[in-house]
Amino acid sequence: MRLTLPNILTIIRLVAAPMVAVMFLYFTRPYADWFALILFVTAAVTDWFDGYLARAWKQETKLGAMLDPIADKAMVVIALMVIIGFSSWSPWLVLPATVILFREVFVSGLREFLGDTAGTLKVTKLAKWKTTFQMVAIAVLFAQGVFEHYLIISAWGMDQAMVDAIFAGTEQDLQGLRWKQFAMQWSGKIGLGLLWVAATLTLITGIDYLLKAMPHLKDDQR
């Protein structure tokens, strides 16, 4: 077992996954959102670097091949858990997240059952795009949390009439409420849109893996 730089980056990403949730235990918002966003984006970037360096330096190892998909799934699953936990539980968020979580568990179970024949479920280009959309969507949704809480902080101490007047344009927007609301709304919409695209790709790749595994799931005829 070789501990190469690409493997070290993968291990860092694996450790970073639960730290995203820990940020919300030890920091108040929006600082927790900021730390989680920075940690998640940094870890997501290492996902590209470790694979690129492993191929460029010919340092592809069994350890890296095992840990890389685990780190990706841990990042996505834990981040989605955190986002849903701090959300309004809108079905527009919960449904695509459920599809993603179910598929990841299902495919992991397939690979575990197939054992030595799990090589039939090699990661496809579409599956890589799926992971990319998942990570970008999650990063944008974390950003929405940042804008939302800065909006709340900026409006602190104002009564509803003052807030309504600022949004209506009849009062001067000294705290930047309008642009923070705009950023919050559009990051939410874009994040949800990307998450639905990711869920669609997730479903397609999950069905593809199931079809590839079907010949290995048939009982022997006697």
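This is a predicted model: local features need pLDDT of at least 70, side-chain atom pairs count only at pLDDT 80 or more; totals for chains, interfaces and linings use all residues.
Trainee: What follows H4?

Mentor: Gly 115 comes after H4, and its phi is positive, near 60°.

Trainee: Which residues of H4 are buried, and what covers them?

Mentor: Buried means under 20% relative accessible area. In H4 the buried residues are Leu 93, Val 94, Pro 96, Ala 97, Ile 100, Arg 103, Glu 104, Val 107, Leu 110 and Leu 114. Their cover includes helix H3 (62-85), helix H5 (125-154) and helix H7 (177-213).

Trainee: Take Phe 142. Is Phe 142 buried or exposed, and why?

Mentor: Phe 142 sits in helix H5. Its relative accessibility is 2%, so Phe 142 counts as buried.

Trainee: Which residues does Phe 142 touch, beyond those up to four places away in sequence?

Mentor: Phe 142 touches Val 20, Phe 24, Asp 33, Ala 36, Leu 37, Phe 40, Ala 79, Val 82 and Ile 83. Take Asp 33 from that list: it is 109 residues from Phe 142 along the chain, yet the two C-alpha atoms are separated by 6.1 Å.

Trainee: Now a charged residue. Is Arg 13 buried or exposed?

Mentor: The same cut-off is applied to Arg 13, with under 20% counting as buried. Arg 13 lies in helix H1 and is buried, at a relative accessible area of 0%.

Trainee: What is Arg 13 in contact with, leaving aside neighbours within four places in sequence?

Mentor: The contacts of Arg 13 are Ala 43, Thr 46, Asp 47, Asp 50, Asp 68, Ala 71, Asp 72 and Met 75.

Trainee: Turning to the surface, which residues form the nonpolar patch?

Mentor: The patch is formed by Leu 25, Tyr 26, Phe 27, Tyr 31, Trp 34, Phe 35, Ile 38, Tyr 150 and Ile 153. Together they have about 980 Å² of accessible area.

Trainee: Which helices supply the nonpolar patch, and which gives the most?

Mentor: Helix H1 (5-26), helix H2 (31-56) and H5 each supply at least two residues. H2 gives the most, with 4 residues.

Trainee: How is Tyr 31 classed, and where is it found?

Mentor: Partly exposed is the class between buried and exposed, and exposed means over 50%. Tyr 31 is found in helix H2 and has a relative accessible area of 48%, so it is partly exposed.

Notes:
Residues are numbered from 1 along each chain as its sequence is written. Side-chain values use heavy atoms; hydrogens and water are left out. Buried means under 20% relative accessible area, exposed over 50%, partly exposed in between (1.4 Å probe, protein chains only). Contact means heavy atoms within 4.5 Å. Patches are made of residues with over 30% relative accessible area and no salt bridge: like charges are joined within 9 Å, nonpolar side chains (Val, Leu, Ile, Met, Phe, Trp, Tyr) within 5 Å. Accessible areas come from the Shrake-Rupley method with a 1.4 Å probe; for residues, only the protein chains shown count as cover. A salt bridge is a side-chain nitrogen of Lys or Arg within 4 Å of a carboxyl oxygen of Asp or Glu.
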